[in-house]
Amino acid sequence: MEALLKLFGGTLNSITSKCMVLFVTILILRVLFFPSFDGIEWRNLVYIHNHSQPSMSSSEFGIRPFKFLVVPQLVWGLNNQKIAFARACLTARMLNRTLLMPSFSASLFYKEIELLQPISFDKVFQFKKFNALCSGFVRLGRYSDVLNRTRVLEMLKGSGRKWTLDRDLSQLKEYSKGSYDDYEVIEILGKNPFLWHDHWPLKDYAKVFECLVLIDEIRNEVEKVVSRIREVGNTRSIELQKGRSSFQPLPYVAVHMRIEIDWMIHCKKLEQRLNTDQICSSKKEIVERVRNIVIGLKKTPTVIYLAVADKLLNNSSIMEDWGEGFLPYEKKKLGVEGIYKKYSYLIQSAIDYEVCLQADIFVGNSFSTFSSLVVLERTHKMIGMSVARMCGTDVRWPSYAYNVPGESNGAMRWITNMSESSLQTISYGTNHVSNCKGHI
């Protein structure tokens, strides 16, 4: 305190001097007694330039581990949050910075921010596995990695029609160099990353998604559900194949059945706005088109797993009218409802996503982000395994869009166009799903 008195003229007579001493004292106490932060709420107090860190480019040494980016909490459904996460990763990559591990939202509230229930990335996905798989491409860091907790530069994302794609890109380029780049931490303020402008090709997003591996606890739950589906199919197959020398397990078809109340309200409005009738599908239409796919592929009998958000469902007849050769199951009939009830909405959705991803056949809605990301990953997997005829009748992991009519009044074959220049069609939907030219 004596040193502070000398600094401010040796007297505390003026109000200004008293305020300055109090301010400096608070700063000193904060550094001494509050050296860490929780990773959710913190703001800058002092901007300090430090030129001691060496300069690296991401192309030469990978993403810099000592420069960081902070983004807002991710919100909405699981797959909207995954897209937001990937966009945040690619933004950090453009700035050649490590993305500090963001918070996901465990609940589905859209507007009540206080009800979003933040959940850390590493409570859903494997942190070390992500960095290992995405090494040199993007990088995640922990808040404990930050050395100077007062060194934060706030970057406000623009909004509205005047904030164009070009203006957004110019801002990112500006913050990647010069005095902006001197800051150890840049924190982006404003809207949810899902709503940020998109500057990256679809294949870059696919690379990030490929690095997302569920934690072991959730993976084990997924295996329980998939094993139960297989068990039901195998039991029925044994009954049908008595006396045969060989045993063929029944395939399972996962249907992402979008007939929930919130979806029907949303899709009706979307159809009016886009002047189309190929977004909403009734339960009757979905059943008919899925049946015609399976019959055409000569896959009967088959198990049908219905992936649906039960709490938002207003149609209890989803198990009816499937007809002979089809064995429809949802969580309750399958006996796995208890697995899902243990977890938040986000984790329930993550389990269903993986169950759909592993299905022999997947059928979804091309205007659903959930369905679109499942098909993206299945397409990416086929490309990775050098599948030559992705539109062939005997291909592994085929996918279909039931909202778009295909051959013999079945659902349209669905393959993601991996050459897209952005994630627009995945984020907001499309009727152009075939993309079979060159893949037949």
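Trp397 is placed in the loop between helix 14 and strand 12 (399–405), where helices (H or I, at least four residues) and strands (E, at least two) are DSSP runs numbered from the N terminus. Phi of Trp397 is near 60°, a positive value in a residue other than glycine. With a relative accessible area of 11%, Trp397 is buried; buried denotes under 20% relative accessible area, exposed over 50%, and partly exposed the range in between (1.4 Å probe, protein chains only). The model is predicted, so local features need pLDDT of at least 70 and side-chain atom pairs count only at pLDDT 80 or more, whereas totals for chains, interfaces and linings use all residues. Residues are numbered from 1 along each chain as its sequence is written, and side-chain values use heavy atoms, with hydrogens and water left out.

A positive phi of about 55° is also found at Asn275, which is not a glycine. Asn275 belongs to the loop between helix 9 and helix 10. In contrast to the buried Trp397, Asn275 is exposed, its relative accessible area being 71%. Most residues other than glycine have a negative phi.

The cysteines were examined next. Two disulfides, defined as pairs of cysteine sulfur atoms within 2.5 Å, are found in a search of the whole structure. One of them is formed by Cys134 and Cys211, whose sulfur atoms are 2.1 Å apart. This pair links distant parts of the chain, 77 residues apart: Cys134 is in the loop between helix 5 (127–133) and strand 5 (140–141), and Cys211 is in the loop between helix 7 (202–210) and helix 8 (216–240). The torsion about the S-S bond of Cys134 and Cys211 is about 95°, and the disulfide is therefore right-handed. Both Cys134 and Cys211 are buried.

A disulfide is also formed by Cys267 and Cys280, with a sulfur separation of 2.0 Å. Cys267 is part of helix 9 (residues 261–274) and Cys280 part of the loop between helix 9 and helix 10 (283–296), so the pair ties together parts that are 13 residues apart in sequence. The link of Cys267 and Cys280 is right-handed, with 120° about the S-S bond. Cys267 counts as buried at 0% relative accessibility, and Cys280 is buried with a relative accessible area of 8%. Cys89, by comparison, is in no disulfide, and the nearest cysteine sulfur, that of Cys134, is 7.0 Å away. Cys89 counts as buried at 2% relative accessibility. Cys356 is likewise buried, at a relative accessible area of 0%.

Helix packing was considered for helix 4 (residues 78–94) and helix 13 (residues 345–357), which pack at an angle of about 85° with their axes 9 Å apart. Axes are lines fitted to C-alpha atoms, for helices over the stretch in contact, and angles run from 0 to 180 degrees between N-to-C directions. The two helices are therefore roughly perpendicular to each other, given that angles under 35 degrees count as roughly parallel, over 145 as roughly antiparallel, 65 to 115 as roughly perpendicular and the rest as oblique. At this contact (heavy atoms within 4.5 Å), Leu78, Asn79, Gln81 and Lys82 in helix 4 meet Leu346, Ser349, Ala350 and Tyr353 in helix 13. By class, four nonpolar, three polar and one charged residues make up the contact; Ala, Val, Leu, Ile, Met, Phe, Trp, Tyr, Cys and Pro count as nonpolar, Asp, Glu, Lys and Arg as charged, and the others, Gly among them, as polar.

In helix 7, the buried residues are Leu202, Asp204, Tyr205, Ala206, Val208 and Phe209. Their covering includes helix 4, helix 5, helix 14 (369–384) and helix 15 (424–428).

Two side-chain pairings complete the description. Lys331, located in helix 11 (residues 331–334), counts as buried at 5% relative accessibility. The side chain of Lys331 makes a polar contact with the side chain of Asp352 (3.1 Å). A polar contact is a pair of N or O atoms within 3.5 Å; within protein, one must be able to donate a hydrogen and the other to accept it, and residues adjacent in sequence count only if both atoms are side-chain atoms. Gln73 is situated in the loop between strand 1 (68–70) and helix 4 and counts as partly exposed at 25% relative accessibility. The side chains of Gln73 and Ser105 are joined by a polar contact of 2.8 Å. These two residues are 32 residues apart in sequence and 7.3 Å apart in space, C-alpha to C-alpha.
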